[in-house]
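Student: Hi, could you walk me through this structure? I would like to take it one topic at a time.
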Amino acid sequence: MSDTLIEAKNLVKRYDGVAVVKGVSFSVARGEIFGLLGPNGAGKTTTILMLLGLSDITEGQARVVGYDPVRQPLSVKRRVGYLPDQVGFYDNLTAADNMRYMARLIGLTPQQREERIKSSLEHVGLTGVADKRVTTFSRGMRQRLGLAEILMKEAQIAILDEPTSGLDPQATLELLEIIRNLKHHGVSVLLSSHLLERVQSVCDRVALFNEGKIVLIGTVAELGRQVLGGGTYVDIEAEGQGLADKLATVPGVRAVETTAPNCFRLLAEADVRPEAAAAVVAAGGRLLRLSVEEPSLEMIYTRYFQNVSNEGARHAA
Amino acid sequence: MQREGSPFQGLGVVILKELSDHLSSWRMRVLEWLVVIAAVAVLVPPFGAIAQIKEQIAEDPFLFLKLFTRAGGALPLAAVLSFLVPLVAIGLGFDLVNSEHNQRTLSRVLSQPIYRDALLLGKFLAGLATISISLVALWLLIIGLGVVLLGIPPGAEEMARAFIFLAVTIAYAGVWLALALLFSVVFRSPATAALITLGLWLFMTILWPMLSPAFASVIFPSNDVLAVLNAQQAFARLAPSALYNEVIAVVLDPSVRSTQQSMFAAMGLVLIERGTIPDAPIPLLQSLLVVWGQIVGLVAGTILLFVTSYIVFQRQEVRA
């Protein structure tokens with residue numbers, strides 16, 4: 001069996017002739033956490049639904065665990081766990097009963113059912129409320145219950161649509177911990193989100209969606225190089241006269257930006273912290289702070305969409 | 001294009017889950033009480049029909065069927081059912097699919113290894129089973145009360161006719177349940193679905209019988225009284241309650257030979273076929289033949305409405 005669990009080739013989805021997804025291709029390896037990023041309405045959820053066989057594929061091909069979601073949706077759905085955006089449960093049933101219904105639909109034997117429900121609820125820390133009605137559950141508990149269902153299914157792929165939206169920081173951390181655990185169990189995770197900081201901390205690779213297309217794909221570092229042009233940002237806070245001019249003469253510095261009084265941002269070809277510090281001291285300035293900024297997804301994302309809208313404005317003009 | 005696997009995978013699971021939802025719901029409590037009250041109100045003195053029926057013990061060979069058709073106070077049981085059954089079916093069906101949308105459970109259920117077919121069919125069958133359970137309970141209650149209060153057991157043909165009456169009532173419930181299911185697929189808001197289904201039901205039961213003669217005379221203008229009457233009846237039959245009432249009038253009264261008999265009687269005419277004795281009972285099979293078209297119409301209507309909701313459901317997007 002190959003190690004590529006999800007393979008999408010040129011997926012296109014049209015609703016009444018209007019393309020929502022316009023040729024999306026990517027692949028996810030076994031045990032990889034892959035993030036789908038992008039603004040709302042960029043086609044992330046539609047792509048996910050096509051991979052699950054819950055929505056028809058207008059054009060293109062997909063293979064999920066080696067099966068075609070259009071022709072073999074049952075085989076796909078047997079091996080893939082799905083946590084929808086704002087997952088819902090039958091409020092009048094208890095957590096365990098909700099899971100029992102799903103377990104029966106999956107076709108587990110009664111013995112497997114009870115064992116797996118117990119162990120997966122334990123895994124997500126909901127053992128104490130297994131027999132409580134879901135009405136009383138908080139948003140974080142519902143998300144964890146949804147993950148418990150994926151664990152119960154022993155899925156090879158977990159597809160999570162906006163798993164952390166609307167959660168408080170503590171609940172988000174707990175959820176991300178469970179997601180990392182899935183990876184350790186050899187489960188591939190496909191994760192869609194617009195909470196960049198969170199995604200960055202768990203994803204091996206990400207794909208940036210915009211208007212139905214993947215505009216960037218790769219690891220966070222690779223994306224940083226593509227979007228930010230390989231530059232490194234160095235932030236300096238220092239007191240002194242004419243520091244900006246002095247800093248601009250440091251070898252490797254391409255530009256100096258004064259972001260606030262006594263605060264400078266250098267765009268450099270490499271990490272120039274030692275040289276910059278020396279320059280400040282040589283100019284008789286008092287160095288207060290010196291830091292290098294790693295390319296964060298948030299920066300990449302903001303910068304990318306800035307560039308896009310600038311270009312758009314230029315085209316319009 | 002061939003799909004893998006059976007469309008009925010998971011059907012049993014869905015039926016059991018829906019059935020247990022129905023049976024433990026408040027709606028079912030209400031339904032149970034309706035059944036008991038209906039049976040008591042129709043039969044038991046001082047309101048009921050028993051006293052009247054008792055006076056005729058010696059005269060009528062099909063006395064037992066009078067339990068269903070004879071009015072004691074206001075309405076006979078058959079008329080009560082033709083009114084009550086649609087209401088119950090709509091009450092059970094109006095939020096079958098849209099509640100899954102609104103609870104956001106639909107995508108979670110459909111991401112399990114089942115097809116949408118199983119979910120829709122399971123919901124329909126579970127609803128029909130729930131109504132059937134209450135109708136069977138009501139039917140047994142009436143027959144049991146009948147035996148106790150009249151003091152005579154029913155004959156074989158009477159039981160067969162009563163059984164057909166039960167089956168046709170379930171088919172009649174199926175039409176309204178399928179209609180409610182269709183609107184629960186089409187409309188996301190349960191309140192809209194309920195209102196529109198109830199509106200259609202009111203239109204079909206109250207307004208259509210008044211409107212259909214006018215439509216018929218506009219579309220088929222004719223001087224032939226018989227042709228006009230036929231056209232009027234054909235139009236009236238578009239309402240499921242018209243079909244149902246025709247069927248039970250014939251099945252529960254062996255002396256009725258034609259579905260047009262009551263219509264002619266209202267005009268002071270008597271339908272006499274050559275070589276027959278007026279008012280003599282006809283065999284069960286003959287009664288069935290008279291209304292076979294209507295029975296098929298009810299079942300076909302159910303299937304047609306279900307298929308329509310199936311097609312709409314298949315084309316719907318899962319995402320909320």
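Tutor: Let us start with a term: helices here are DSSP runs of H or I with at least four residues, numbered from the N terminus. Please also keep in mind that this is a predicted model.

Student: Which residues is B:Trp208 in contact with, leaving aside neighbours within four places in sequence?

Tutor: Once those neighbours are left aside, B:Trp208 is in contact with B:Phe203 and B:Ala239. As for B:Val186, which is 22 residues apart from B:Trp208 along the chain, the C-alpha atoms of the two are separated by 24 Å.

Student: Staying with that helix, at what angle do the axes of α10(B) and α11(B) cross?

Tutor: Helix α10, residues 190–219 of chain B, and helix α11, residues 225–236 of chain B, have axes that come within 8 Å and cross at roughly 135°. That angle is why α10(B) is described as oblique to α11(B), and the crossing in which α10(B) passes α11(B) is right-handed.

Student: Which residues meet there?

Tutor: From α10(B) there are B:Pro209, B:Ser212, B:Pro213, B:Phe215, B:Ala216 and B:Ser217, and these meet B:Val228, B:Ala231, B:Gln232, B:Phe235 and B:Ala236 of α11(B). Sorted by type, the residues of this contact are 8 nonpolar and 3 polar, with no charged ones.

Student: Let's look at another pair: how do the axes of α9(B) and α12(B) cross?

Tutor: The axes of α9(B) and helix α12, residues 240–251 of chain B, come within 10 Å and cross at roughly 175°, so α9(B) runs roughly antiparallel to α12(B). On the α9(B) side the contact is made by B:Arg161, B:Ile164, B:Phe165, B:Val168, B:Tyr172 and B:Val175, while α12(B) brings B:Pro240, B:Tyr244, B:Val247, B:Ile248 and B:Val251. These residues divide into 10 nonpolar, no polar and 1 charged.

Student: Changing topic to the largest nonpolar core, which residues touch the most other members?

Tutor: Those are A:Ile157 and B:Leu177, in a core of 158 residues. Helix α9 of chain B, residues 156–186, gives the most to this core, with 17 residues. Beyond its neighbours within four places in sequence, A:Ile157 has contacts that include A:Leu5, A:Val64, A:Val80 and A:Leu190. Another core, of 13 residues, lies apart from the largest one, and A:Val234 and A:Phe264 are among its members.

Student: How many residues does each chain give to the contact between A and B?

Tutor: Chain B gives 22 residues and chain A gives 24 residues. On the side of chain B, the elements that give two or more residues are α1 (11–23) and α7 (106–110), and α7(B) has the largest share, with 4 residues. The residues on that side of chain B comprise 7 nonpolar, 8 polar and 7 charged.

Student: Last one, what does the secondary structure of chain A come to?

Tutor: Chain A comes to 11 helices and 13 strands, and its C-alpha trace spans about 75 × 50 × 35 Å along its principal axes. Of the 317 residues in chain A, 41% are buried.

Key. Residues are numbered from 1 along each chain as its sequence is written. Chains are lettered from A and ligands numbered from 1 in the order in which they are written. This is a predicted model: local features need pLDDT of at least 70, side-chain atom pairs count only at pLDDT 80 or more; totals for chains, interfaces and linings use all residues. Two residues are in contact if their C-beta atoms, placed from the backbone, lie within 7 Å. Ala, Val, Leu, Ile, Met, Phe, Trp, Tyr, Cys and Pro count as nonpolar, Asp, Glu, Lys and Arg as charged, and the others, Gly among them, as polar. Axes are lines fitted to C-alpha atoms, for helices over the stretch in contact, and angles run from 0 to 180 degrees between N-to-C directions. Angles under 35 degrees count as roughly parallel, over 145 as roughly antiparallel, 65 to 115 as roughly perpendicular and the rest as oblique. A crossing is left-handed if the near helix is turned anticlockwise from the far one by less than a right angle, and right-handed if clockwise. A nonpolar core is a set of buried Ala, Val, Leu, Ile, Met, Phe, Trp, Tyr and Cys residues joined through C-beta atoms within 7 Å. A residue is buried if 20 or more other C-beta atoms lie within 10 Å of its own, exposed if 12 or fewer, and partly exposed in between; C-beta atoms are placed from the backbone.
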